[in-house]
Structures are given as C-alpha cells and as structure tokens.
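User: I would like to go through this structure term by term. Please set each value against its cut-off.

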Amino acid sequence: MSSLSHLFARETAAACHEWLVLGFSVTLCYVILRAIYNTFFHPLATCPGPFVAKFSKIPNMYHAIKGDRHVWIWQNHQLYGDKVRIHPNEVVFLAPQAHRDIYGSKANVRRSKSYEAWNTAKEPNTALTIDPASHARKRRILNQAFTEKSVKHAAAFVVQHTERWIDLLLAENDASINDGWTKTRNMTDWNDWLIFDILGDMCFGRSFDIKEPTPNPIRKIPHLVIRHVELFYPVLQSPFMEFFVWAKPRGLDYLLNLITPEEVKTYYKFINDSVSERMQMEQDDKEAEKSRLDIFHFMCAARDPLTGEQYSEDALRGEAAMLIVAGSDSVSSVLAGFWFYISRNKLAYTRLTSEIRSTFGSSDEVASGAKLASCTYLYACIDESLRITPAGPSEFSREVLPGGTTINGEYFPEGVVVGCSQWAMGRNEQIFGDPTRFRPERYIPSKATGVTVEDVNRIKSYYQPFLIGPTNCAGKNIAMAELALIIARTLFRLDLRVVPGESLGAGHRSLGWGRRDENQYQVRDAYITVHEGPMLQFRKRTE
Ligand code: HEM
C-alpha cells in the first residue's frame, strides 16, 4: 500500500515538474517572441530611443523606482531628439505642436490605463476617469465649484493662514544670537503645513492646524500622501501595470488592503473622516440656513449645466479626496522651487521685494485685485517657478483612441501611449535658450532685455504647467491666487536668506548627468514632485 502511494506521489511530482517546465518554456517563448515583435514589427519600431526600452519596460520601471524618471526622459531627449520611445508602447515628445496634438481639445486620446491603477473607490473621481465622455460629464459639474466666486472665497482662507504662518516663521527668533534671523526653516515642511491648512479650510471646512507647533497627529499626513503615491508609481511604470489594473477589481484590491502599510491606512481613514465631518457640517448649515463658502459647499451645490445632475455622496467623497492630492503637493513643490531660486538670485530677489514693497502700503493691502495683478515681476517669478520646478515632472500619459491620431505631423495608431514631460519641456534649450537659469525677465517684454511680446507668447504657449484641453487643471486660478498671495505677503513682511553652508535640495556632482549643478533645485519623480529643502532663514524686513 505504502509503495503504491509512494509511486503515485513520485508520478505526481514528475507530472508537476513537466507542467512547470512546459509553463516556463511557453512563457519564455512568449517573452522572446514579444520582444522580437516589439523591436522589429511594432508600429513604434522605427521610433528612436534606448535599445532595451524598445522591447522592455524595465528601464522605465527602474527609473521610476530611483525617482529620476524625469531626468532619464530629459537625457533621452538630449540623446535621441524631440521624439523618444521610452518603453515598447510609449513615445514622449518635445515639439510645441506635439503638446497641442496630445492635450488639446480635439485630440483623439484618453488618459492612459495607468490612471485607473490609482483608483481605490467604486467610482473613479474626475482626475482618474479615463473615458472622455464620463470625464467630460464629471468635469462639467466640478467646474461649477471652481468659479470666480469660489476663488475669491478661497483667497480669504489663503490670506488668513499665510499671516499666521508668517508669525510662526518669525517665532522662536533669538535676535541676539542670529542677528535677527530666525532658526533654520526647512521650506518643504513649512510649505506642506501651510498648504495643507489652507486646503483643510478650503475643502473640508476646518483648518487642520498642522502649522501650529503643538503636537498634532495630522502633521504626518502630507508625508503619507507622498509615501502613498511613491509606493504606487513604480508599479504603474512597470511591465505589470496592465495586469495590476485588470486584477484590482478581481480580488487584488482586497489583498492589497491586507498588506497596505498602517500609515497609508491612516491616510485613507483621515480622508474619509474629514469628508464625513464636512458632510455633516453642510447638513447642519442647511438646517440653520447658513453656509460656509468653501469649495466643498460649492461642490455640494454644483449641477451639470446640461443635465442638472449633482454629485452623489460617494462621488463627493471621491472628489474631495482628489483635491487633497491635486491641491497640496502641486502648490507646495512650486513654492519650494520658488524659495530655492529666489534665495539664490540676488537680482531677482531685490527686484521682486522692491516691486511688492512699493506696490502695497501695508500687509493688509496685499489681496487679490488690481494692485496684485499689476505686480508683473511677481507673476513672472511664478511662471518661472512653474517652469523650472513643475508640479508633475514627467509626462501625463494619454492613450490613442480608435482611428489613431496625428502628432507633430506623424500618424500614431490606436493603443499607443503618448505624452510630453514637463521637466524636459521646461528645459528645452531651443525654446528657452538658457533653461537652467532662473530668469523671470524672460516673461516680461522689454526693450532693455530684448524680450518681445512674441517671445513671451511663444514660451507661454509652449510650456503649459496646468496643461491645456479637457483634462487641464481645474484649480488653476486657485493655485495662482495661492502662489501670488503667499509670496507677496511673505516678502512684504520678511527678508530671507539661504542658511550659510546648507544645500538641501540642490544639485550635486555625485548625482550624475543633468543633476550636478548646485544652483539647480533637484526633485524626485513619483508622478507628483517629491522634494526636500531649501533651508532658509527669515527676519522682519529691514527696508
Ligand atoms: C501650482 C499648482 C498646480 C499645478 C501646476 C497643477 C497642474 C495640474 C495638471 C498638469 C493637471 C492634469 C493632470 C493629469 O492629467 O494627470 C491637473 C489636474 C487637476 N488639478 Fe491641478 N495643479 C495645481 C494646483 C491645483 C489646485 C490648488 C487644485 C485644487 C484645489 C487643483 C485641482 C486639480 C484637479 C481637480 C485636477 C483634475 C482635472 C481633471 O481631471 O479634469 N490643482 N493639475
């Protein structure tokens, strides 16, 4: 009996082994045949790019893991030109026409499948909806929450938080030791705290108060948002992305939930709780016949102008959660870039502070309106910061729809993924001449500098930090108001300087090609911009 079962076990093991060998051989054959197809017969076969990227997504994933995918794309443009195949099925472009062809309102594309991988809800929010018709429907409702009126109300939150933030920047200032300068401030942290508190008030009806020095568990949330995005980004850039998206609703989401790090769960719970509390407030306000004029309120009231449709409770949850990611790191990273460059460029700093201080008589006067809009150098500094430290350094990928599309005069068939990388575009020498220099003057027509109106129009239509077309940034006006008010209010009241000997965030010889310049701010790419520093000190303005 036992020898029979022994024999059976041996035969089963042998059969398993044969199946494994067969499975492995079939997979290997598939991989090899696919690599041959991708290299020689794929519609992108003749597209220039790194050789391994022709048949494998591994280099793309490797750079996503390293966080330098944006620099890798830039390097490839230097080596291969305006059009580069960065993995078997994706091409990125630098040409101005390509940007219009891909993102413009007539483009025959949709957001690529990788957007679906971010989704954790039953119904994706506007920013993660890839079907153009569904996206257009959601966007029509969302636009109702981002009107001139809502921007005006948002500006009030910005001012209130910025004033408190400036007081805190100045606090713990030991004038006798530091000649009036504050302790060192890591501007990545300080920006995150400020922007998060503004966002809390603007979208969730309460300040999270994380800029306050008192212990606060929410203080780690901005870091968790970034951790969450950093964790997923390499998966989306890997050969397994399609499988990942397919498997998510088929059990993978459940498994992922089991292994999700505790801190990411804390982040999900925080968002859920914040939205629930804000919904309850909206209900209470309705009963008391009053209203809080924040973005959430405008979202509750928003209706599709075509169909009259409103957000369901689930949709409202998803949209509010989206604003945390869309509205926090984006503004925070552009601001970090601004502090880095303005603190290292004496001429720009002097010109900017004198413009702000001569335009306004008091800090209270620094508000949205004609006077602020007249600060041309301020807006030129913001444009320059948006260019040199983009909020999303790599490409916003789009998939070509049935019927194909023409990009920069060349036909691309259905299914191919296309995009333009913001980091590479902002550093295009043919357009900007000296792209690594922080030079706001390039945005101001002037006989003295030789910059013409045509020059300004050319660079502005080329580089679009908020994107163009149907999927452009819904919060552009709020973001611009935030940046202008924070910078103008801070520099109206404070002087700033780089902490002597501190270079956090700066380029360094050891970082390699494209990242060596110590006068350049360096970031990590995780779809959003991950950054550190700069380390600054402030003091009450002396002039
Ligand atoms: C400097 C700051 C900002 C920049 C540079 C920026 C840029 C962008 C870009 C490039 C996109 C398209 C992303 C994609 O297709 O993958 C986008 C989408 C979006 N942004 Fe912003 N953004 C900024 C700030 C904000 C703020 C403050 C808010 C709201 C409070 C916001 C709300 C949104 C929303 C809702 C979308 C999705 C739009 C859609 O799918 O139709 N953004 N943003």
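Analyst: Tyr37 lies in helix α1, residues 2-41. Helices here are DSSP runs of H or I with at least four residues, strands are runs of E with at least two, and both are numbered from the N terminus. This is a predicted model: local features need pLDDT of at least 70, side-chain atom pairs count only at pLDDT 80 or more, and totals for chains, interfaces and linings use all residues. Residues are numbered from 1 along each chain as its sequence is written, and side-chain values use heavy atoms, with hydrogens and water left out.

User: Why does Tyr37 count as partly exposed?

Analyst: Its relative accessibility is 37%. Buried means under 20% relative accessible area, exposed means over 50%, and partly exposed is in between (1.4 Å probe, protein chains only). So Tyr37, at 37%, is partly exposed.

User: What makes Tyr37 part of a nonpolar patch on the surface?

Analyst: The patch is formed by Phe24, Leu28, Ile32, Leu33, Ile36, Tyr37, Phe40 and Phe41. Together they have about 880 Å² of accessible area. Patch residues have over 30% relative accessible area and no salt bridge; nonpolar side chains (Val, Leu, Ile, Met, Phe, Trp, Tyr) are joined within 5 Å, like charges within 9 Å. A salt bridge is a side-chain nitrogen of Lys or Arg within 4 Å of a carboxyl oxygen of Asp or Glu. Areas come from the Shrake-Rupley method with a 1.4 Å probe, and for residues only the protein chains shown count as cover.

User: Why is Glu163 called buried?

Analyst: Its relative accessible area is 18%. The limit is under 20%, so Glu163 is buried. Glu163 is found in helix α8, residues 148-170. Glu163 touches Ser363, Arg489 and Arg493, leaving aside residues up to four places away in sequence. Contact means heavy atoms within 4.5 Å.

User: What makes Cys473 a donor of the iron atom of the ligand?

Analyst: Its SG lies at 2.3 Å from the iron. Donors are N, O and S atoms within 2.8 Å of the metal (3.2 Å for Na, K and Ca). So SG qualifies, and Cys473 is the only protein donor. Water is not among the atoms, so sites may look incomplete.
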